[in-house]
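Trainee: I have a model open and would like to learn to read its features. Please take me through them one by one.

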Amino acid sequence: MKLPTLREVGTEAKLLLIGIPVFIWTMIPIYHMFLFAISPKEDAFSGKLWPNHPTLHNFSIVFHQQHYFLRDFWIQFWNSTVIALAAGAVTLFVATAAAFSISRLKVPGGRAVMNLALFTYFIPAAFLAVPMYRTMGNYGLLNNHWSLILAMVTIASPYAIWVLKQASDKLPVELDEAATMDGATTLQLFRLVYVPLMMPSLVAIGTYAILLAWNEYLYAFLLLSKDTDITLPVALGNFLAADDSPWELLMTTGFIYALPPAAVYYAFKRYMVGGLTAGAVKS
């Protein structure tokens, strides 16, 4: 067995010296969130590294909606889930169709449209919140889940189109020519050739759009107002309106809300890394 060289050992040591502090720094907020979640209210601010009497009572309160701010917890959790999945699906459809048209069909003006879409990222999303609110109001979509879904699609689509277009450019053109010679229509070419080959990038972009919508607060706060329509991030903000905020319940709810995106990310981590970097380097 070949032993590692001194240079390789030195490189590994440098990576560990950087990686370990970064990992610890990243995990500290998550640990404190978990610490609040398992602490009784009187011990939440004790400053100890572990509570004297850890409990799961806070989780029981959240799951059974036994607090004023949690009376619509499951409805709001469901709202977040539906909006995130719908935004991911619509973004995926729009971006896949656009990337296919620009990269494979070579539609006239396609690259100009993509560049104009990317140009929108020069404007911070927060600056577009009020125009988006007015637009949704003009179309009668305020306090409707579709307003937030369409807003998230608008924000996610330019980047999604760019990534999928870059990945699409790496696919051999000969595959399209062979399928066309065999009598495949454009729709069959898209469904039977393009989509299967693009699957890693599609999973990555779908995951990206879902997580973007799942974590959105500003647009959800502006476009939705009824307690039974808002998403859970907006509901979490209501905790801070109280004079004596139940921090242990806020952190417990936040910890629960963070678990689904963490599970989604780790389930598709392999696709996320490969899909989002596809086309970054041309061979």
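This is a predicted model: local features need pLDDT of at least 70, side-chain atom pairs count only at pLDDT 80 or more; totals for chains, interfaces and linings use all residues.

Trainee: How many helices and strands does the chain have?

Mentor: Helices (H or I, at least four residues) and strands (E, at least two) are DSSP runs, numbered from the N terminus. Here the chain has 13 helices and 0 strands. The C-alpha trace spans about 75 × 70 × 35 Å along its principal axes.

Trainee: What share of the 283 residues is buried?

Mentor: Buried means under 20% relative accessible area, exposed over 50%, and partly exposed in between (1.4 Å probe, protein chains only). Buried residues make up 37% of the chain.

Trainee: And what share of contacts joins residues at least 24 apart?

Mentor: Contact means heavy atoms within 4.5 Å. Take the contacts between residues at least 6 apart in sequence: 73% of them join residues at least 24 apart.

Trainee: Next, salt bridges. How many does the structure hold?

Mentor: Side chains of opposite charge can pair when their charged atoms come close. The criterion is a side-chain nitrogen of Lys or Arg within 4 Å of a carboxyl oxygen of Asp or Glu. The structure holds 4 salt bridges. One of them joins D227 and R71, at 2.6 Å from N to O. This pair links distant parts of the chain: D227 is in the loop between α10 and α11, R71 in the loop between α2 (57-63) and α3 (73-103), 156 residues apart.

Trainee: Which residues are linked with R71 in a network?

Mentor: R71, D72 and D227 are linked in a network of salt bridges. D227 counts as partly exposed because its relative accessibility is 32%. R71 is also partly exposed, at 36%.

Trainee: Where do R104 and D176 lie?

Mentor: R104 and D176 form a salt bridge, with their closest N and O atoms 2.9 Å apart. R104 sits in the loop between α3 and α4 (110-119), and D176 in helix α7 (residues 173-181), 72 residues apart. R104 is buried, at 14% relative accessibility. D176 is buried at 13%.

Trainee: On to packing. At what angle do α3 and α6 cross?

Mentor: Two packed helices are described by the angle between their axes and the distance between the axes. Axes are lines fitted to C-alpha atoms, for helices over the stretch in contact, and angles run from 0 to 180 degrees between N-to-C directions. The axes of α3 and α6 cross at roughly 40° and come within 7 Å.

Trainee: Which residues of α5 are buried?

Mentor: In helix α5 (residues 129-138), A129, M132 and M136 are buried. Seen down the axis, the buried residues fall within an arc of 60° (taken from the directions from the helix axis to the C-beta atoms), so they line one face of the helix. The face turned away from that buried side carries the exposed residues V130, R134 and N138. The buried residues of α5 pack against α6 and α10.

Trainee: What does L223 touch?

Mentor: L223 is in helix α10. Its relative accessible area is 1%, so L223 is buried. Leaving aside neighbours within four places in sequence, the contacts of L223 include M132, M136, L148 and A151.

Trainee: Last one: is T231 buried or exposed?

Mentor: T231 counts as buried, at 4% relative accessibility. T231 is found in the loop between α10 (218-223) and α11 (232-238). Not counting residues up to four places away in sequence, T231 touches Q76, N79, S80, I83, L148, E216 and A220.

Terms used: Residues are numbered from 1 along each chain as its sequence is written. Side-chain values use heavy atoms; hydrogens and water are left out.
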